[in-house]
Amino acid sequence: MKVSPAYIVGLTGGIGSGKSAATAHFAALGATVVDTDLIAHALTAPGGAAIEAIRRTFGEGMLTPGGSLDRAAMRALAFQRPEARRQLEAILHPMIRDESARQCGEAPGPYVILAVPLLIESGTYRERCNRICVVDCPEALQVARVRQRNALPEEQIRSIMAAQASRAQRLAAADDVIDNSGTLAELEAQVERLHAAYLAAADAADATAE
């Protein structure tokens, strides 16, 4: 499914790869960012559209006292019982797809960065995108970053990584690769080069559509 505006760049990368840093710089340069993680957070916040289904499926124990999804408890449950992760995805994914399509269709920027952690695994999202951009770094660096950021044990981080596409699969699907094994300044320079290329491609797509 293609949605307006005409030019959509799907951005992805493994946990700890630096997707958020890349996405933030694209946004600072003027791209419209549609981030499925942010949509998921809104759906699972107090009063979010997914909360009642989560309550029915998992019980009150998966909710915080404030009424949001208890992410730490759900992460632990999914680590112990993989079917729990599939149940949560069955609730969230259709809602996220619908909301991301709506946001893409209403985007004011010259092109859209559609940030999807599981983009490579999902044919639905790939069909929307004109190009795929992968933020990449060595797996050992992913683990180190996540341990520093979230204080998760390495075993749990490795389990999350195993549930995602492999680094080789992501790179094979990429039209563009951002190497985030260096500094933030180096990442931002790569984003700026791609931003210029995406602006030109979006202009060309608009001209073709007229």
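Q: How many residues line the largest pocket, and which of them lie nearest its centre?
A: Bearing in mind that this is a predicted model, the largest pocket is lined by 47 residues, and those that lie nearest its centre are Ile-15, Asp-37, Pro-117, Ile-160 and Gln-164.

Q: And what volume does the largest pocket have?
A: The computed volume of the largest pocket is about 1700 Å³.

Q: How does the lining of the largest pocket divide into nonpolar, polar and charged residues?
A: In the lining of the largest pocket, 20 residues are nonpolar, 16 are polar and 11 are charged.

Q: Switching to cavities, how many are there of 30 Å³ or more?
A: The count comes to one cavity of 30 Å³ or more, and the volume of the largest cavity is about 30 Å³.

Q: What lines the largest cavity?
A: Its lining is made of Gly-14, Ser-17, Val-135, Asp-136, Cys-137, Gln-142, Arg-167 and Arg-170, and the elements that give two or more residues to this lining are the strand β4 (131–136) and the helix α9 (167–173). By class, the lining of the largest cavity has two nonpolar, three polar and three charged residues.

Q: Back to α5, then. At what angle do α2 and α5 pack?
A: The angle between α2 and α5 is about 120 degrees, and their axes are 10 Å apart; α2 and α5 are therefore oblique to each other, and their crossing is right-handed.

Q: Which residues meet there, in α2 and in α5?
A: On the α2 side they are Thr-36, Ile-39, Ala-40 and Leu-43, and these meet Leu-92, Met-95, Ile-96, Glu-99, Ser-100 and Gln-103 in α5. The residues of this contact of α2 with α5 divide into six nonpolar, three polar and one charged.

Q: What about α3 and α5, how do their axes cross?
A: The axes of α3 (residues 51–58) and α5 cross at roughly 150 degrees and come within 10 Å. An angle over 145 degrees counts as roughly antiparallel, and α3 and α5 are therefore roughly antiparallel to each other, with a crossing that is right-handed.

Q: Which side chains or backbones aside, what residues in α3 meet α5?
A: Ala-53, Ile-54, Thr-57 and Phe-58 in α3 meet Ala-84, Gln-87, Leu-88 and Ile-91 in α5, and the residues of the contact of α3 with α5 divide into six nonpolar and two polar, with no charged residue among them.

Technical notes: Residues are numbered from 1 along each chain as its sequence is written. This is a predicted model: local features need pLDDT of at least 70, side-chain atom pairs count only at pLDDT 80 or more; totals for chains, interfaces and linings use all residues. Side-chain values use heavy atoms; hydrogens and water are left out. On a 1 Å grid over the protein atoms alone, a cavity is a set of points where a 1.4 Å probe fits but cannot get out, and a pocket is an open set with protein on both sides within 12 Å along at least five of seven lines; lining residues have an atom within 4 Å of a point. Grid points are joined across faces, edges and corners, and a volume is the space filled by probe spheres set on the points. Ala, Val, Leu, Ile, Met, Phe, Trp, Tyr, Cys and Pro count as nonpolar, Asp, Glu, Lys and Arg as charged, and the others, Gly among them, as polar. Axes are lines fitted to C-alpha atoms, for helices over the stretch in contact, and angles run from 0 to 180 degrees between N-to-C directions. Helices (H or I, at least four residues) and strands (E, at least two) are DSSP runs, numbered from the N terminus. Angles under 35 degrees count as roughly parallel, over 145 as roughly antiparallel, 65 to 115 as roughly perpendicular and the rest as oblique. A crossing is left-handed if the near helix is turned anticlockwise from the far one by less than a right angle, and right-handed if clockwise. Contact means heavy atoms within 4.5 Å.
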